[in-house]
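This briefing concerns one protein model and is arranged by topic. Please consult the sequence and structure below alongside the text.

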Amino acid sequence: MAEKLVRADISKRFSEMDVLRDIRFEVEENEFLVVVGPTGCGKTTLGNILSGLEKPTEGSVKIRGEVVDPHVHNISYVFQEPSCIPWYTMIQDVTMGLVIKKVDPVRTKQRGLDVIKLVGLEGFEDYYPWQISGGMKQRVAIARAYATDPDLLIMDEPFGHLDAQTRYLMQIEIMRIWEQEKKTVIFITNNIEEAVYLAGRIIILSKLPARIKGEYKIDLERPRDLTSPEFLKLRAEITQQCEVVE
Ligand SMILES: Nc1ncnc2c1ncn2[C@@H]1O[C@H](COP(=O)(O)OP(=O)(O)OP(=O)(O)O)[C@@H](O)[C@H]1O
Ligand SMILES: [Mg+2]
């Protein structure tokens, strides 16, 4: 049997606080998995553990059968707080991972130009963070994550700080990019509509301590229509599932 890209089986405590309890799931190559859960339930903690930045208290995260290690596995992580280095131009920013990996400078520059184009920021390559909008910074973070051609892309509420209109445009954009590059994505959000719009599969977390409350496979055709009866029905069903108090 082929090894799954990701196998997670983790629990996490911070001193006396139980945050994640028996979180077990697998992710296939090229999947778009969305993890949805209420505010404060442990989503960022889960993202940190999946990326190998933090260790679980029990269990492990395995990438193709090996315990996750950010120095070994090619994983990109888009943090919940948008971050750009103030004194880096956009192209310097998106290519920093390639520079660290000592990729040839000509290939580095070309990949930088390609990913900037991929996220629709062509022409802004030499702009500094203070010269661009919040939505553009979020695109820079996504371009940076794609630049290293990761095996796994983890995004922690990447659109949480954006206004509703920009958020919707970014959802369309991320789908377009995913269909073009077909990376394996784990996308974390607290927004059920966003989850149903993007996901191939949704995992629902309970409130703290987070446990897996349910799982949905979303077969709706893409691009999805937020107003179609099928979409609204699924959204209502998942909302109800999220609201069930155990
Ligand atoms: N390093 C830490 N030490 C102690 N407690 C922590 C640490 N990191 C997170 N926590 C606690 O774990 C719980 C879950 O936090 P986490 O940031 O993972 O939630 P979240 O679901 O991402 O929240 P949000 O929806 O606000 O982004 C919180 O109660 C938080 O205080
Ligand atoms: Mg968080």
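What covers the buried residues of H5? The cover includes strand E6 (75–78), helix H2 (90–94), helix H3 (96–100), helix H4 (105–118), strand E7 (152–156) and helix H6 (164–181). The model is predicted: local features need pLDDT of at least 70, side-chain atom pairs count only at pLDDT 80 or more, and totals for chains, interfaces and linings use all residues. Residues are numbered from 1 along each chain as its sequence is written, and side-chain values use heavy atoms, with hydrogens and water left out.

**Helix H5**
- Helices (H or I, at least four residues) and strands (E, at least two) are DSSP runs, numbered from the N terminus.
- Among the buried residues are Gly135, Met136, Arg139 and Tyr146.
- Just after H5, Asp149 has a positive phi of about 55°.

**Loop between E9 and E10**
- Ser206 lies in this loop and is buried, its relative accessible area being 6%.
- A polar atom of the Ser206 side chain is 3.3 Å from the backbone oxygen of Pro209.
- Beyond neighbours within four places in sequence, Ser206 is in contact (heavy atoms within 4.5 Å) with Pro38, Cys41, Arg211 and Lys213.
- Leu208, in the loop between strand E9 (201–205) and strand E10 (212–217), is partly exposed at 37%.

Notes:
Chains are lettered from A and ligands numbered from 1 in the order in which they are written. Buried means under 20% relative accessible area, exposed over 50%, partly exposed in between (1.4 Å probe, protein chains only). A polar contact is a pair of N or O atoms within 3.5 Å; within protein, one must be able to donate a hydrogen and the other to accept it, and residues adjacent in sequence count only if both atoms are side-chain atoms.
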